[in-house]
Amino acid sequence: MDDFMLRALAGGLGVALVAGPYGSFIVWRRLAYFGDTLAHAALLGIAGALFFDLAPLAGVTSVCLLLALLLFLLQRQGRLAGDTLLGILSHTALALGLVVLSFMEEVRVDLLGYLFGDILATSGRDLWWIYLGGGTALLLLWRLWRPLLCLTADEDLARVEGVRVDLVKALFLLMLALVVAILMKIVGLILVTALLIIPAAAARQWTASPESMGAAASVIGMLAVAGGLTASWHWDTPAGPSIVLTAGGLFLLSLLRRRR
Amino acid sequence: MDDFMLRALAGGLGVALVAGPYGSFIVWRRLAYFGDTLAHAALLGIAGALFFDLAPLAGVTSVCLLLALLLFLLQRQGRLAGDTLLGILSHTALALGLVVLSFMEEVRVDLLGYLFGDILATSGRDLWWIYLGGGTALLLLWRLWRPLLCLTADEDLARVEGVRVDLVKALFLLMLALVVAILMKIVGLILVTALLIIPAAAARQWTASPESMGAAASVIGMLAVAGGLTASWHWDTPAGPSIVLTAGGLFLLSLLRRRR
Amino acid sequence: APKLVASLKPLADLAAGVVGDPSRVELLLPGGASPHSFTLRPSQMRALAAADLVVWVGPQLENFLVRHLASLPEERLLTFGSLSGVRLLPARRGGAWRHEAVEHDEDGDIDPHLWLDPDNARLLVLALAERLAGIDPENGTDYRRRAERLAGWIAALQQGLSDRLAAVRTKKYLVFHDAYQYFERAFGLEPLGALAIHPDRPPGARRLRELRDLLRRSGAVCVFSEPQFEPKLLRVLTEGLALRHGQLDPLGVDRPVSGASYLDLLAGLGDGLVSCLSN
Amino acid sequence: MTEATDRLLLGLEDVSYQAKDRLLIDRVSLQVRRGEILTIIGPNGAGKTTLLKLALGLLPPSAGRVRRAPGLRVGYMPQRLAIDPSFPLTARRFLSLAGPTAPGSRRKILAEVGLQQQIDHQISHLSGGELQRLLLARALLRDPELLVLDEPAQGIDVHGQAELYRLLADIRRQRGCGILLVSHDLHLVMAATDQVLCLNRHICCSGSPESVARTGEFLELFGPAASRSLAIYSHETDHHRDHRHG
Amino acid sequence: MTEATDRLLLGLEDVSYQAKDRLLIDRVSLQVRRGEILTIIGPNGAGKTTLLKLALGLLPPSAGRVRRAPGLRVGYMPQRLAIDPSFPLTARRFLSLAGPTAPGSRRKILAEVGLQQQIDHQISHLSGGELQRLLLARALLRDPELLVLDEPAQGIDVHGQAELYRLLADIRRQRGCGILLVSHDLHLVMAATDQVLCLNRHICCSGSPESVARTGEFLELFGPAASRSLAIYSHETDHHRDHRHG
Ligand SMILES: Nc1ncnc2c1ncn2[C@@H]1O[C@H](COP(=O)(O)OP(=O)(O)OP(=O)(O)O)[C@@H](O)[C@H]1O
Ligand SMILES: Nc1ncnc2c1ncn2[C@@H]1O[C@H](COP(=O)(O)OP(=O)(O)OP(=O)(O)O)[C@@H](O)[C@H]1O
Ligand SMILES: [Mg+2]
Ligand SMILES: [Mg+2]
Ligand SMILES: [Zn+2]
C-alpha cells in the first residue's frame with residue numbers, strides 16, 4: 001500500500017476515534033448541524049481576516065469560538081431547540097460573510113478551499129495534529145464526562161447537585177468548535193460532520209449506556225473509515241464520500257438489527 | 001424602481017408568506033435542516049437523471065420525494081431526533097451523489113448550479129409558480145392544520161382521537177419537500193431555508209398560539225424581504241444575503257423583547 | 001457608446017480590447033467567487049439590463065447566469081460557445097485520458113475553457129467587433145480596427161509561444177484540474193493528465209496511486225497547481241518523486257481588465273510552462 | 001343476547017405483549033361495557049399503562065386480539081405528557097384541538113375540572129396538577145363513549161380528588177359511557193368502581209371491589225399495608241354508617 | 001444561639017417571584033433546620049413547585065433573599081423528569097451520575113425504594129412509579145443534608161406509599177437531615193411532618209399539622225372534603241390508639 005493510503009487510514013481512524021464520543025453528545029444535544037454551521041461561519045472568518053489583514057486561520061478560529069459562545073447564550077435563553085438555533089446562526093453568519101465579501105471584489109482566494117480538506121492529502125504533520133489535538137480533546141472530554149452526562153440527563157438535577165452547568169456547557173461547545181474546525185481543515189467538512197453524526201446514531205441502536213455508545217460510535221466510525229478507504233482503493237471512488245457511504249450502510253444495518 | 005426589483009419584491013413577499021406557516025412546523029418538528037438535506041440529495045437526483053438520460057428536474061423531484069418518504073420511515077422508527085436523521089440522510093445522499101458522479105467523469109456541468117436560484121432573477125413565470133404553487137401549498141396545509149397540530153402536541157393522543165397520524169405526517173413531509181424544492185430553484189437555497197427558520201423562531205418569542213406564530217412568521221419574513229431588498233438597493237449588497245441578514249436582525253430584536 | 005457585460009475575466013479582457021475603454025465593460029463574476037453562492041447585486045442587475053451586449057461562454061460554465069439571461073433578447077447576447085467556427089473540445093476523462101479522443105460532437109459534455117485557445121479568442125474578438133459595429137455603426141470602423149489589431153497581437157503571441165514551447169513539447173507534466181485542454185491542443189503540448197476534472201470533485205484513491213505510478217514511469221518533470229486551490233493533493237502525488245512544482249492561472253484574475261491582460265494571461269501560461277518544464 | 005353484545009365497547013382476548021426480552025403482559029382478557037367502570041390496580045411496573053396502550057391500539061399485541069366497537073369515540077388521559085416548549089399552545093387551544101364540541105360543553109367541563117382561570121396559560125407553564133386537569137378536560141370534551149384514564153388522581157390536590165370521584169360517578173350515570181381506569185388510590189377504587197382487576201403482568205384476581213379485597217392474591221400483591229388501608233377504609237364506611245360519633 | 005443558627009439549612013426571607021405578568025410567589029419566608037420535616041401543602045397551581053425551585057436556586061427570586069448553608073449537600077426529587085430517548089441511560093448509570101457513593105449504600109437504598117429488579121432497564125422504558133422511585137433513590141444516594149421532595153408519593157403504588165412514609169421518618173431519625181416536602185397526600189403529611197405550611201401564592205397558615213388542620217384558612221383552602229379526610233385520619237389514629245376493635 002502506498003504511503004498516502006496509510007496516512008489516510010491513520011488519519012481517518014484517529015478522526016473516527018475522536019468523533020465517537022463527541023458525536024454522541026452531538027446526537028443527544030441536538031447539535032447535528034454544528035459542523036455545517038461552523039463551515040458557513042468560517043466564510044465570515046476568512047472575509048474578516050482578509051479585511052483586517054490577518055491570517056485566515058486566525059479569522060476562522062475566532063469566528064468559530066464566537067459562534068460557540070453565541071450558541072451557548074441562545075441555548076440559555078430556552079425555548080428553541082438546538083437545530084433551530086444552529087439554523088439561525090448558520091444562515092445569518094453565511095449571509096454576513098457573503099455581504100462582507102461583496103464589498104471586497106478583488107478577493108481571489110478559493111474560500112471553500114480553506115475549509116475542505118481531503119483525507120487522501122493527510123500529511124505527517126496532519127497526523128500529529130489529529131493524534132495530539134484529538135488526544136487532548138478526548139482527555140478534556142473525559143474530564144468533563146460526568147458533569148456533561150449529568151446535565152444532559154436533566155439540567156435542574158445537575159445544578160442542584162453542584163454541577164456548574166453554564167461553565168460546563170460553554171466549555172463543551174468551545175471544545176467542540178475547536179475539534180470540528182481543526183478536523184474539518186484536515187479531512188474535510190463532509191467527512192467530519194458525517195463521522196460525528198452517523199456512527200453515533202448507529203451506535204444508539206446497539207447500546208444501553210452513554211459510555212458504550214461513545215465507544216461503539218468510535219468503533220463504527222473506524223470500520224467506516226477502513227471500509228470506505230478500501231472501496232476507494234478498489235473502485236477508485238472519492239475517499240471521503242466512500243467513507244460516509246460506508247457509515248450510512250452501517251447505520252442501515254443497525255436499524256435492521258433493532259427491528260427484531 | 002427597476003422591474004427586476006419589483007419582481008424580486010413580489011416573489012420574496014410570496015415566498016415569505018408561504019414560509020411562515022411551513023417554517024413554524026419546521027421549528028416545532030425539528031426539521032430546520034430539511035432544506036439543506038434536500039439540496040444535498042438533489043445532487044444525487046441530477047447525477048441520476050444524467051445517468052438515465054432524464055430531465056434533471058425529474059431526477060431532483062423524485063429524489064426529494066424519496067427523501068421525504070425515507071425521513072418519514074426513520075421518524076417512525078423512534079428514538080433519534082429530527083436533526084440527527086436529517087444529518088444522516090443529507091450526508092449519505094451527498095456522498096452517494098459524489099460517488100455516482102465519480103463514475104461519470106465526462107460530466108462537466110456545474111451540478112449545483114441547477115439547484116440554486118437568485119431572487120433578483122425572478123421572472124414573471126416564477127411569480128406564477130410562487131403564487132399559484134405557494135397558494136396551493138398553503139391551502140393544503142390549511143386542510144391538514146388541525147390534525148398536524150394534534151400530532152405535534154402528542155402523537156398518542158392524536159391517534160386515539162382518530163387522526164391518521166402516519167398519513168398526515170407523510171403528506172406533510174411530501175408537501176414540504178415540494179415547496180422547498182420549487183422555491184429553492186426560484187429564489188435560492190439559502191434564502192428559502194433562512195426564511196423558513198428565522199422568522200418562525202423570531203415569531204415564537206412574541207406569540208402564544210400556533211396560528212399567531214404562523215401568521216407572525218409570515219409577517220416577519222415579509223418585513224425581512226422588504227428590508228433586505230431596500231438595503232440591497234441602497235448599498236448594492238447581494239439581495240438574498242441581505243434579506244437573510246435582516247431576518248437575523250429581527251430575530252435578535254425578538255430576543256431583546258423577551259428579556260423584559 | 002455601447003455598454004458591455006462580460007461574465008468572466010478573460011472575456012472581459014477581450015471585450016475591453018475591442019471597445020477600447022475598460023470602464024465600459026462590467027465584469028460579473030469577480031475573482032474566485034464561487035458561482036454556487038454567488039448572487040448578483042442590484043448594480044450588476046442594472047448593468048445587465050442596460051447592457052447592449054452580454055458576453056459569456058455558455059450554460060456549461062456560467063450556470064448562475066442562465067436564469068438572468070433568459071429574458072434577454074437574442075441580439076444582446078453573445079454566447080462564446082456557440083459562435084460558428086469556434087473549436088469545441090469534448091471533456092476529457094481525468095488522469096491518463098486517452099489521447100486519441102477525437103473531437104466528437106454532442107456525445108458527452110464540452111470542456112468550457114474555450115478562451116485558452118488563441119484561435120477561439122481571435123474568433124471572439126472579431127465577432128465582438130461585428131456585433132458592436134451593428135449596435136454602434138458610427139464607431140464601427142474603430143471596433144474593427146481594434147479587433148484586427150488585438151487579433152494580430154494574439155496571432156503574434158501565438159507564434160512566439162509556439163516557438164518557445166516547441167522546446168518543451170515532449171515534456172510530461174500534470175495539472176491540477178483539467179482547464180488547459182485548449183491551450184495544449186493549440187501548442188501541441190502533451191500533458192499526462194489532470195489530477196481532477198472538476199475542482200469540486202476529488203479523485204479516488206486508486207487514481208491517485210495510478211497517477212503516482214504514471215508520474216514515476218513517464219519521467220514527468222513538473223506538476224502545476226492553481227492559485228485558487230491549495231495544492232495539498234498535488235503534494236501527496238509528488239511526494240518522494242523528483243518533480244518540480246509550478247503554478248498556472250487559467251483566469252488571470254489579478255490583472256486589471258484590458259486587452260493586454262488577455263495577452264498577459266497566455267504569456268503567463270507559456271512562461272509558467274517553460275520555466276518549469278525546461279531544465 | 002343482542003343487547004349484551006351491543007353494549008360491549010372494548011374486548012381484549014388473551015392479549016400478550018412482549019418487549020424485546022421481557023413479557024410485559026401475559027394473556028390478559030377483559031371487557032368494558034357501556035355504563036361500566038373497570039379499574040385496573042397493580043404495583044408499579046405491573047404493566048397497567050402498557051395494557052391501556054394495547055387496548056387503545058397504540059401498541060400492537062404480540063398475541064391475542066383487541067376488539068373495539070366500530071366507530072368508538074374514545075377519551076384518553078395519558079399518564080405523562082411532554083409538550084415541546086418551542087410549540088406555543090395555550091390550554092384553550094389544546095382543548096380546541098380535540099375537535100368541534102358543543103358551545104356550552106367546554107365551559108361546563110372546565111368548571112367541572114376546576115380549570116377556568118388557567119385556560120389562557122401556556123401548556124408548558126402549567127403546574128403538574130393543572131396539566132392533569134387539562135388532560136382530563138380534553139378526554140371529557142370529546143363526549144366519549146369510552147373513557148380511558150391512566151392515574152387521573154395523580155398530582156391532583158385534595159379538593160380536586162374528591163371532585164374527581166364525584167365526577168366519574170356522574171359521568172357514568174349521565175352519559176352512560178364505559179370507563180377504564182388505572183389507579184393507585186384505593187379510595188377512588190372502592191368508591192366508584194364496578195369491577196376491579198388486579199394486574200401483575202397477568203391477571204391476579206378480578207371481581208367486585210369487596211370480593212377482590214378479600215382474596216389471598218390481593219394481599220400478596222399489595223402487602224399488609226394496603227390491606228390495612230383498605231380495611232380501614234371499608235371499616236370506616238361501615239363505621240360511619242353505623243354510629244356517627246365525633 | 002450559635003447552635004440554633006448552626007442547624008439552619010435553608011432560609012427564605014420574604015421571597016417573591018414574578019413571572020411576566022403574574023405574581024407566583026408573594027413574600028414567603030420559611031426555614032428548614034437539621035432533623036426537621038417541613039411540608040408544603042396547597043391547591044394545584046399554588047406555587048409549591050415554584051417555591052421549591054426558588055429555594056434550590058433554580059429560579060432567581062424577584063425580591064427577597066434565599067440563604068442556603070454553605071456547602072450544603074442537597075438531594076432533589078423533581079415533580080417531572082423527561083429524558084430524551086436518544087440518550088441511552090440505564091437506571092444504574094443514572095444513579096451513578098449522582099457522584100461517588102459508599103459501595104454498600106447503593107444496594108441498601110435500592111432495596112429501600114424497591115427498585116432492585118429494574119436497575120438495568122433503560123430510563124425511557126421505566127413506568128411512572130418506577131421512575132418516581134428512581135428519582136427518590138438518586139436524591140437519597142447523595143447522602144444529603146437537605147432533602148427536597150416534590151410530591152414523592154405521586155404515581156407510587158399502595159405498598160410503596162406506606163414504605164415511603166416509613167422511609168422518610170427513618171431518614172430523618174438516622175441521618176438527621178432536613179426535609180422539605182410538597183405533598184397532596186394528607187396521610188403522609190399528618191404521619192411524618194413537624195411543620196406544615198399552607199401555600200396559596202402567599203402563606204395562608206403554618207404550624208404543627210394538628211394546629212393547622214383546625215384553622216379557618218385551611219378549611220377555606222382545601223374545602224370540606226379535605227377537612228373531613230383529615231378529621232377521619234386524626235380520628236382514626238386516636239381511635240386505634242384507644243380501643244383496637246376489629
Ligand atoms: N419498551 C420497553 N422495553 C422493555 N421494558 C419496558 C418497555 N416499556 C415498559 N417496560 C417495562 O414494563 C413494565 C410495565 O410498565 P408500565 O408502564 O405498563 O407499568 P405500570 O403498571 O403502568 O406502572 P406504574 O404504576 O408505575 O405506572 C415496567 O417495568 C417497565 O420498566
Ligand atoms: N413561567 C411561567 N409563566 C407564567 N405562569 C407560570 C409560569 N410557570 C408557572 N406558572 C404558573 O404558576 C402557577 C404555580 O405553578 P407551580 O408549578 O408552582 O404550582 P404547584 O403548586 O406546584 O401546583 P401542582 O400542585 O399542580 O404541582 C401555576 O398556575 C402555573 O400555571
Ligand atoms: Mg403506568
Ligand atoms: Mg408542583
Ligand atoms: Zn475550470
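Predicted model: local features only at pLDDT ≥ 70, side-chain atom pairs only at ≥ 80, totals over all residues.

Student: Where is His91(B) found in chain B?

Tutor: Look at helix α4 of chain B, which covers residues 82-102; His91(B) is in there.

Student: Does His91(B) count as buried or exposed?

Tutor: Buried: its relative accessibility is 2%, and the cut-off for buried is under 20%.

Student: How far apart in space are His91(B) and Thr37(B)?

Tutor: From C-alpha to C-alpha, His91(B) and Thr37(B) are 7.8 Å apart, although 54 residues separate them in sequence.

Student: Let's zoom out. How many residues does each chain bring to the contact between A and B?

Tutor: Chain A brings 49 residues and chain B brings 48 residues. The area buried between the two chains is about 4,300 Å², and carbon and sulfur atoms give 71% of that.

Student: Which residues of chain A lose the most area to chain B?

Tutor: Those are Tyr33(A), Arg79(A) and His91(A), which together make up 17% of what that side buries.

Student: How many salt bridges and polar contacts are there between chains A and B?

Tutor: The count of salt bridges is 0. For polar contacts, there are 8 residue pairs, both residues being at pLDDT 80 or more.

Student: Which elements of chain A give two or more residues to that side?

Tutor: They are α2 (34-52), α4 (82-102), α9 (189-204) and α11 (239-259) of chain A. The most comes from α4(A), with 14 residues.

Student: What about classes of residue on the chain A side that touches chain B?

Tutor: That side has 27 nonpolar, 14 polar and 8 charged residues.

Student: New topic! Which protein donors does the zinc ion (ligand 5) have?

Tutor: His113(C) and His177(C), each through NE2, lying 2.1 to 2.2 Å from the zinc ion.

Student: Why does that pair tie together parts that are 64 residues apart in sequence?

Tutor: Because His113(C) lies in the loop between β4 (77-79) and α4 (118-135) of chain C, while His177(C) lies in strand β5 (residues 173-177) of chain C.

Student: Are those two buried or exposed?

Tutor: Both His113(C) and His177(C) are buried.

Key. Residues numbered from 1 in each chain as written. Chains lettered and ligands numbered in written order. Heavy atoms only, no water. Contact = heavy atoms within 4.5 Å. Buried area = accessible area lost by both parts, 1.4 Å probe. Salt bridge = Lys/Arg side-chain N within 4 Å of Asp/Glu carboxyl O. Polar contact = N/O pair within 3.5 Å; in protein donor to acceptor, adjacent residues only side chain to side chain. Helix = DSSP H or I, 4+ residues; strand = E, 2+ residues; numbered from the N terminus. Nonpolar A, V, L, I, M, F, W, Y, C, P; charged D, E, K, R; others polar. Donors = N, O, S within 2.8 Å, 3.2 Å for Na, K, Ca; no water. Buried < 20%, exposed > 50% of the residue type's maximum accessible area, 1.4 Å probe, protein only.
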